[in-house]
Amino acid sequence: MAAATSLISMRLNAKQREAVEVTDRHVLILAGAGSGKTRVITAKIFHLIKNLNVDPYSLLAMTFTNKAAYEMQERIKQFLQVVDHYNTRLTSADEETNRYLNPHRSTDDLETQSRQSSSSHAAVSVKFDRTDEVSLAEGGATQSKFPSKSQYKNRSLRSYERSIMTFHAFGVRFLRMFLHLLPARQNGFVICDDTQKKAFLREIFKEHDFNVQELKEASRFISLAKNKLIFSDASDLEGQIDKNFTFPLKTKKKSFLTIYRAYEKLLIESNRVDFDDLIVLTLRLLNEHASVRDYVGRRWKYLLVDEYQDTDSVQEKIIEQFAKQGTLITVVGDHNQAIYGFRGAQITNILQFSRKYANVHCVLLEENYRSTNAILNFANAVIAGNARYKQGVRKLFAQRDSVGTNPLYLEFKSDSEEADWVTRNVLTLRKEGAKLSEMAIFYRTNYQSRIIEEHLIKAQVPYRVVKGYRFYERKEIKEVLAYLNFIVNLRDRPAFRACINVPKRSIGEQTVKTIFQFLDEHLMGLGEKKIGGENDLTAAGEDNEGGFEENTILEVLAHPKLLERLPKRVHTVLSDFVQFIRSAREKVAMGQPLNEVIEYVINKSGLWHYYEQVSDKFERDVRLGSLKQLVYSGLDFSEETDNESTDNESTDNVNNSTARSKQGLLSAFLENISLAGSEEPEKDAEVINLLTVHNAKGLEYHTVHVVGMEEGVFPHFLSMGEVSQLEEERRLFYVAVTRAMRRLYISSAKIKQIRGEFDFFQVSRFLKEIPSSYFDQESTLLKE
């Protein structure tokens, strides 16, 4: 009776309660967007501990992010604190529990607050009582009985936190106990983070004189090999590599095998494991050691997995090993939100769960507590285009009386007009009382944010790029800006240091140090020089054409006395660099269009070629797209400056003014970027949110704008060749739509500046698939 009363007090709907109460078999919970999956999985943990007296020690719940783990921990903590004060007056406990589990609450509930909490608090998920676990692993102490109510606070509040963690945190704990069972391994390891991994690889590349430009590709190869369970100590390593990888040259395969073996040797010698090892070595232990599998069977009776649609093949094999040892598996996920295939996630895991495991109970959660029915009808129409839609969640719905307004779609002539309308609409909504923090602008790819950011800045609308960088703070953009700043100011030491060896020109830190030392010896400060004799650098100088100053770093680079101190291999590199900078300065002085100057710098510096070599095709497209957007930013700035000059000057003076302004246009462009960067909002400031759709997963906003809905943009042109990838793009759009709670605006542009000078685009097929009745009546006509 108490158990039933407790579940009723949680006010779960019938399907949610079914998912919680089934505890005697494997359970597949297909939870549609906004259907309360976090509430269900935490309620199930609560139900197992409180109502069924399951020891938290025998529970394990795994998810993908520290933030998600922390949210689950906090909810369970609150539930159990209520139980700690449990007495005969059940109503008080019911009221407290209802505060956290009522699915019919307003949208400003604990779920939203928890998602905004700092993920750093999840560090508690990696703390544990090693004595208890090791004693069980050695067949010593038996599991303790479930505590009495007086012991509850001391035991359960401590134990359940150790039961909820990320996959990687679980790998840490598991390897702490069992890593010594693998050859040459010890338990007291240190985690090798990405920075240390790069350092190890640089050491290997230097020792074997490999091309450092292939370092990133080699790192990716190592990760892929590990996740294919190809270990460096395998007797048939080369044969396994041949079966799973294709190399254009045999020499490259040989070098990568050398790198892999050397990297693993460094890890073992330093007693480190990298992030891939945390998962892969856990599976290896389960596969190779019966005692480890036996421990799993005795220790964990229940395994709950959140966001199951995002699991990869290795994580699925770990789950399978748990099931083989008698652990009951509950997985929660939604294949319609499977959007991480490019990271190795396998949608087939969730699609085949009921066929793979015996005696599976399947529950569909289709009632949505986030969005209006108008938005949900639109979302259902989006995902209906996928062939595998009929498996699982069929149709989201809401029980609310309010239907809401249909999404509005508008097509604009250009992306600039699109960004202008979005900005004005945001201002209108704010004037009507909407908060900026409750609004978001979604885009498919990072480089699309540039034009949106610039319009928001002009309109003085504060914004924040969520889980990413502002456009002008991105790595590839900052590299180009370093060149441009040095071209304008040849005494800019930070800019020179940032660009002299980017991309790599075989100029080491010692060479840079020698250059600055020589500079200090001959230049006393800005505008001052040591006159006469061997210290007079004017002999190696350049003219003052275009108003640029003499006696600069560029002159130092060409000075014979400096070259005497440097290795001969550096002489040609420096000479080419000097000629490149001088050529760029001449183009600026002659008034060449700003966008052409920027494009020249990107190409001549080698940055474009460098990012063309990035092995990951999506990263390559983002980096190159950002560089192209920087060129277009220069074009837009030039046009705006010309318009202002025309407005402010008399007709007779326009030509002369334009000629003068072009020489200072680059400086003005850089100043404009610096001023925009200085307007970073305070941490708690009221700002609108800008983010990619991938980064929007798990979030929700009162109002959502989805921009850039064109063929080749969304869906992405790299995903249009295969049905599976196109379906993932459609799922990604579905995720974007289902983040909106009350208002949804969608837009596209006929002309965009992306990969050509001006490219013409058709509206996204995803919009054409949706019946016109689901759009707002003011929407642009989609079908002729």
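User: Contact means heavy atoms within 4.5 Å. With that in mind, which residues is histidine 694 in contact with, leaving aside its neighbours within four places in sequence?

Analyst: This is a predicted model. In it, histidine 694 is in contact with Ile339, Tyr340, Phe342, Arg444 and Leu732, once its neighbours within four places in sequence are set aside.

User: And where is the place of histidine 694?

Analyst: Histidine 694 belongs to helix α32, which covers residues 693-696.

User: Is histidine 694 buried or exposed, and why?

Analyst: Histidine 694 is buried, because its relative accessible area is 14%, and buried means under 20%.

User: What lies 3.2 Å from a polar atom of its side chain, I mean that of histidine 694?

Analyst: That is the backbone oxygen of isoleucine 339. Ile339 is also one of the contacts of histidine 694.

User: Let us step back. How many helices and strands does the protein chain have?

Analyst: There are 34 helices and 15 strands in the protein chain. The chain has 784 residues, and 55% of them count as buried.

User: Which residues have the most contacts inside the largest nonpolar core?

Analyst: Phe486 and Leu557 do, in a core of 55 residues. Helix α27, residues 568-589, supplies the largest share of this core, with nine residues. Apart from it lies another core, of 47 residues, which includes Phe189, Leu283, Val292 and Ile347. As a general matter, nonpolar side chains tend to be buried together in soluble globular proteins.

User: What is leucine 557 in contact with, leaving aside neighbours within four places in sequence?

Analyst: Leucine 557 is in contact with Phe496, Ile515, Leu562, Leu563, Leu574, Phe577 and Val578.

User: On to strands. How many residues of strand β7 are buried?

Analyst: Five of the six residues of β7 (residues 328-333) are buried, so this strand is mostly covered.

User: In which sense do β1 and β7 pair?

Analyst: Strand β1, residues 26-31, pairs with β7 in the parallel sense, over four bridges. Isoleucine 29 has valine 332 in β7 as its bridge partner. Strand β6, residues 302-305, also pairs with β7 in the parallel sense over four bridges; here valine 305 has valine 331 as its bridge partner in β7.

User: What do β6, helix α16 and β7 make?

Analyst: They make a right-handed β-α-β unit, in which helix α16 spans residues 313-324.

User: New topic: how many disulfides does the structure hold?

Analyst: The structure holds zero disulfides. As for individual cysteines, cysteine 192 counts as buried because its relative accessibility is 1%. Cysteine 499 is buried too, with a relative accessible area of 0%.

User: Where is aspartate 55 found?

Analyst: Aspartate 55 is in the loop between α3 (37-51) and β2 (59-63). Aspartate 55 counts as buried because its relative accessibility is 8%. Its side chain reaches the backbone nitrogen of tyrosine 57 at 2.9 Å.

User: Last one: how many residues apart along the chain are isoleucine 452 and leucine 690?

Analyst: They are 238 residues apart along the chain, yet 8.8 Å separates their C-alpha atoms. Isoleucine 452 lies in helix α21 (residues 449-458) and is buried, with a relative accessible area of 3%. Beyond its neighbours within four places in sequence, isoleucine 452 is in contact with Ala419, Ile441, Leu690 and Val707.

Definitions and conventions. Residues numbered from 1 in each chain as written. Predicted model: local features only at pLDDT ≥ 70, side-chain atom pairs only at ≥ 80, totals over all residues. Heavy atoms only, no water. Core = buried A, V, L, I, M, F, W, Y, C linked by side-chain atoms within 4.5 Å. Buried < 20%, exposed > 50% of the residue type's maximum accessible area, 1.4 Å probe, protein only. Helix = DSSP H or I, 4+ residues; strand = E, 2+ residues; numbered from the N terminus. Polar contact = N/O pair within 3.5 Å; in protein donor to acceptor, adjacent residues only side chain to side chain. Disulfide = S-S within 2.5 Å. Pairing = 2+ DSSP bridges. Right-handed = clockwise from strand over helix to strand, strands pointing away.
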